[in-house]
Amino acid sequence: MAEDKFQVIIIGAGLAGSAAAYRLAKAGREVLVVEKAQTPGAKNMTGGRIYTYALEELMPGEWADAPLEREVTREILMMMTADDCFAIDSSFGSIKQQSYSVLRAKLDAWLAEKAEAEGAMIIYGSTVTDLLVKDGKVAGVIIGDEEMEADVVISAEGVNALASERAGLIKTKAPKDMAVGLKYVYKLSEEIINQRFNSASGKGVALLCAGECNRGISGGAFLYTNKDSVSIGLVVDTEGWKASGLPLAQVAEEFKLHPALLRYIEGGELIEYSAHLIPEGGFKSLPQLYADGFLVTGDAAGLVINRGITVRGMDYAIMSGIAAAETVNEAIEAGDYSKNRLKSYADRLRPFVLKDLETLKDSHDYIAHTKHMFTTYPALITGMMKNLYSVDGTPTKGAVGLVKQAIKGKVPYFDVFKDALKGGRSL
């Protein structure tokens, strides 16, 4: 092999890129990872929560030293009005180590170090401006004025996959398929977090809420407990945000002041603020995942699902990195880097990742375009529960009567039935 040519070049040292690099380097391949940030994870953000089956698949039994924050043992779903909230607090003692809260700067650095320890070469502070294409085949990358050749290039560029878009290998994601996330991290002592969330050390909470928190814009808010900090933030649909005309930073600042959430972060020191685009188009917006000498993974491919009660992307990023590495290993053995050979990448993703996306292919449209989802319904549910608990000396109404009272005059019964039926099918 020529001195200036690698078997594989990976664009991006996020979870997808480093997972692929780890597997390829472990198999003895010559791997170069090009990362635009000065350190891995510096430009990455998430709510964030990782489902650990993906880490087990990547490195069975060897991920115990990963810098995970708290095991998620409680799930809270919250509906909010301007003054009130209704929350469902669930604990599942039989599910062990299913997921953990994470801070990406720590996790990405750890996984990149694992890849380097296996022999992958990672260069930081360098941006791939274009893909090198020869005779219709991706043959490497271009960094400024320098060309670097490879048999295969794996795009793990993240949601802004500019090099792949410039090469015409994937389309620019449509605004309707995007969301915007804002996240704040507040430092609090482990003791205070344990007290406020009634948790033990190492155990934590995942909270998702909708309603007043997003001022009627399609989307919702999240909160995750870390070891000695709390991550809290907001995700909104880009089209809904544009139509609302509301300043998103102001919406985010106001939602943190809601009594239902302020009590969790009050007195904390703001140590991090970030914002990011999120690909939520799902199955209907997937690009071609392979081409001659090229594969696309993770957020660059749009492998993200928002189901309302769960938001997944990190586990799919790792799984796509594994699938890409296995596909490239086979291609190297065969000496064939054509798209006909590399199409087995999609075959590897199909039984699980692509199957999930296809199953929930209508979830984004349902969540984003159901008229009453983020306004009327949270208010109805919260108001109904408030009336159910109220005792004021007036005649008591049955549960069915309270439901009818809550709905009457606010939304047609048929709309409720139609939305419930569509939601069951979509989610």
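Buried here means under 20% relative accessible area, with exposed over 50% and partly exposed in between (1.4 Å probe, protein chains only). Strands (E, at least two residues) and helices (H or I, at least four) are DSSP runs, numbered from the N terminus. The model is predicted: local features need pLDDT of at least 70 and side-chain atom pairs count only at pLDDT 80 or more, while totals for chains, interfaces and linings use all residues. Residues are numbered from 1 along each chain as its sequence is written, and side-chain values use heavy atoms, leaving out hydrogens and water.

**The neighbours of strand 10**

Two strands pair if DSSP finds at least two bridges between them. Within this pairing, Ile 10 has Ile 154 as its bridge partner.

Then select strand 9 (residues 137-143), which is antiparallel to strand 10 and joined to it by four bridges. Here Glu 149 of strand 10 stands opposite Gly 140. The two strands form a hairpin with two residues between them, and Gly 144 in the turn has a positive phi of about 65°.

Finally, show strand 17 (residues 294-296), whose three bridges to strand 10 belong to a parallel pairing. Val 296 in strand 17 stands opposite Ser 155.

Which residues touch Ile 154, leaving aside its neighbours within four places in sequence? Its contacts (heavy atoms within 4.5 Å) include Val 8, Ile 10, Leu 24, Leu 295, Ala 324 and Val 328.

Ile 154 is also among the residues with the most contacts inside the largest nonpolar core, which has 80 residues. Such a core is a set of buried Ala, Val, Leu, Ile, Met, Phe, Trp, Tyr and Cys residues joined through side-chain atoms within 4.5 Å. Its largest share, twelve residues, comes from helix 10 (residues 314-334). Apart from this core lies another, of 29 residues, among them Cys 209 and Leu 234.

**Helix 1 against helix 10**

Last, select helix 1 (residues 15-26) with helix 10: they pack at an angle of about 35°, with their axes 7 Å apart. Axes are lines fitted to C-alpha atoms over the stretch in contact, and angles run from 0 to 180 degrees between N-to-C directions. Residues making the contact include Ala 20 and Leu 24 of helix 1 and Ile 318 and Val 328 of helix 10.
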